[in-house]
Amino acid sequence: MSYKVSRRQLAKIAGLSAAAMAGALEAAEAKPAAPPRNGGGFPAGFVWGTATSSYQVEGAVNEDGRGASIWDKFVRIPGKIEDGTTGDRANEHYHRYKEDIALIKELGCRAYRFSVAWPRVFPDGDGKPNPKGLDFYNRLVDELLKNGIEPWLTLYHWDLPQSLEDRFGGWRSTETCKIFGDYAAYVAEHLTDRVKNVFTLNESGRFVYFGYGIGIDAPGLTLPQAEVNQIRHNSALAHGLAVQAVRAHGGRGTRVGPAENIDACAPAIDTPENVRAAEIALREMNAGYLNVIMTGGYTDAFLKYAGPNAPKFTDAELKIISSPIDFLGLNIYAPQNYVVASDQGAGFMPLPIPKSFPHMNSDWLRVGPETIYWVPKLAAKIWKTDAIYISENGASGDDMVRPDGRIYDTDRIMYLRNYLAQLQRATSEGVPVRGYFLWSLMDNFEWVYGLNKRFGLYHVNFDTQVRTPKLSASFYRNVIANNAAGV
Ligand code: BG6
């Protein structure tokens with residue numbers, strides 16, 4: 001149906017008055033959750049959450065002694081951000097966090113994934129900590145716990161202190177890795193009396209390549225492949241140092257793991273040969289980060305492919321990188337590689353993706369719900385992990401506010417319904433997925449897209465800062481209440 005059809009016309013088509021239609025919708029949303037059908041659903045104790053990150057929501061970039069991050073500088077380079085906006089104000093979450101926590105509670109979520117802005121806690125990255133910066137996270141954590149919501153903390157979601165970029169070349173230097181370890185130790189020491197779950201780095205797969213390889217994320221560099229591979233290795237080392245720091249300085253029972261945008265491979269057609277090929281592909285396509293973390297070594301195929309561009313490393317570094325973790329966090333949005341078996345190379349062939357492949361409002365966000373079934377299933381098998389969390393999944397939409405002030409994001413609901421159904425398929429087969437964090441709680445500053453792309457369950461009017469639940473918020477509330485995908 002085209003957008004030109006008005007609500008009144010729509011109601012007429014449906015044989016309802018506009019008022020009756022609004023009433024019917026409200027009744028549908030307010031209805032108590034229906035019991036899960038077919039006796040199915042997610043396992044008891046499944047963790048339902050939402051996620052955000054510091055630079056994308058906090059704003060207040062010059063308040064209470066926060067230092068500059070590489071994103072503060074990057075957003076000011078003309079042409080880098082699609083709509084010319086910055087995260088200076090973003091969602092003003094730094095001041096509105098109580099209101100935002102009430103929104104999380106409203107969904108029925110018992111978990112919230114947020115990130116700590118490193119330059120808030122250490123304005124220069126190292127040296128003297130800034131107690132006012134840490135205090136914000138103390139207040140945030142306390143307010144979450146007061147509302148029955150478990151804080152899940154990410155140490156690094158891309159806002160590297162600019163000072164480290166200036167002094168050491170950022171992630172180009174292992175000096176930054178060591179300083180990250182110290183920062184992780186400090187955060188663990190001060191917050192893990194209440195925070196029980198810590199993610200190390202968010203998406204090495206993205207920030208290394210986009211930031212240092214093709215220059216579309218901060219710090220905006222286009223370095224040769226050998227340097228990019230070395231930086232990826234450094235990010236794995238930083239992860240390992242953070243794991244060790246959390247172990248050494250964290251409160252009893254603190255758990256730690258990565259949150260990686262795994263290169264998502266799935267069999268193009270479900271045959272035993274293709275499934276085996278997808279398994280090999282998943283390992284090899286993630287050989288530069290996740291596989292080395294999980295196994296302590298780079299694969300032969302990876303080293304051969306990288307050739308002279310392969311990272312330089314020592315055995316001692318590999319040992320740190322593969323420090324045992326407590327869970328594997330996977331950000332899963334779009335299928336990256338549909339593969340078939342091949343007798344060439346490592347035994348798999350990724351297929352080209354047709355231009356006509358359906359996607360959400362972001363071009364990159366292809367709709368492949370079975371990805372969230374195959375990837376955790378194969379990952380659990382390859383890396384023998386018994387605790388996987390989907391640390392991000394979600395979708396962008398155009399999210400138009402209709403004349404009645406509401407947002408009927410049925411496209412996002414379609415996406416979530418299909419992905420969650422596939423995730424439920426995985427858990428019902430015993431795949432050890434223990435929780436799910438929906439990206440995102442609310443619309444926010446979407447990096448290179450600025451405010452142009454919306455991923456929230458809550459719509460944000462960035463002029464007034466008013467948050468409005470979209471229809472998908474009701475959908476997610478129902479999923480949580482049922483502990484079932486609702487298919
Ligand atoms: C993930 C990031 O890659 O995807 C989030 O961890 C990000 O921070 C989300 O907001 C959507 O990505 P993008 O590039 O469309 O803003």
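This is a predicted model: local features need pLDDT of at least 70, side-chain atom pairs count only at pLDDT 80 or more; totals for chains, interfaces and linings use all residues.

A residue counts as buried when its relative accessible area is under 20%, as exposed when that value is over 50%, and as partly exposed in between.

**Helix H9**
- Helix H9 covers residues 174-191, and its 18 residues reach 26 Å from the first C-alpha to the last, which is close to the 26 Å expected at 1.5 Å a residue.

**Salt bridges**
- Side chains of opposite charge can pair when their charged atoms come close, and the structure holds 27 salt bridges.
- In one of them, the side chains of glutamate 143 and lysine 146 meet at 3.5 Å, N to O; both residues lie in helix H7, three residues apart, or about one turn of the helix.
- An α-helix has 3.6 residues a turn, so residues three or four places apart point the same way.
- Glutamate 143 is buried because its relative accessible area is 12%, which falls under 20%, whereas lysine 146 counts as exposed at 65% relative accessibility.
- Another salt bridge joins the side chains of lysine 381 and glutamate 279, at 2.8 Å from N to O.
- This pair links distant parts of the chain, with lysine 381 in helix H16 (residues 371-383) and glutamate 279 in helix H12 (residues 272-285), 102 residues apart.
- Lysine 381 counts as exposed, at 53% relative accessibility, while glutamate 279 is buried, with a relative accessible area of 11%.

- Glutamate 92 lies in the loop between helix H4 (70-74) and helix H5 (93-107), and it forms a salt bridge with arginine 89, in which the closest N and O atoms are 2.5 Å apart.
- Arginine 89 is partly exposed, with a relative accessible area of 37%.
- A network of salt bridges links Arg89, Glu92, Arg96, Glu99, Asp100 and Arg467.
- If residues up to four places away in sequence are not counted, glutamate 92 touches Val57, Glu58 and Gln465.

**A nonpolar surface patch**
- Tyr209, Ile214 and Ile216 form a nonpolar patch on the surface, and together they have about 240 Å² of accessible area.

**Backbone details**
- The peptide bond from alanine 218 to proline 219 is cis, with omega near 5°, and proline 219 is found in the loop between H10 and H11.
- Tryptophan 439 and serine 440 are also joined by a cis peptide bond, with omega about 10°, and serine 440 sits in the loop between strand S11 (433-439) and strand S12 (458-461).
- Aspartate 64, in the loop between helix H3 (54-57) and H4, has a phi near 50°, a positive value in a residue other than glycine, and is partly exposed at 33% relative accessible area.
- Aspartate 399 has a positive phi of about 50° although it is not a glycine; this residue is in the loop between strand S10 (388-393) and helix H17 (410-428), and it is buried, with a relative accessible area of 5%.

Key
Residues are numbered from 1 along each chain as its sequence is written. Side-chain values use heavy atoms; hydrogens and water are left out. Helices (H or I, at least four residues) and strands (E, at least two) are DSSP runs, numbered from the N terminus. The expected span of a helix is 1.5 Å times one less than its number of residues. Patches are made of residues with over 30% relative accessible area and no salt bridge: like charges are joined within 9 Å, nonpolar side chains (Val, Leu, Ile, Met, Phe, Trp, Tyr) within 5 Å. Accessible areas come from the Shrake-Rupley method with a 1.4 Å probe; for residues, only the protein chains shown count as cover. A salt bridge is a side-chain nitrogen of Lys or Arg within 4 Å of a carboxyl oxygen of Asp or Glu. Buried means under 20% relative accessible area, exposed over 50%, partly exposed in between (1.4 Å probe, protein chains only). Contact means heavy atoms within 4.5 Å.
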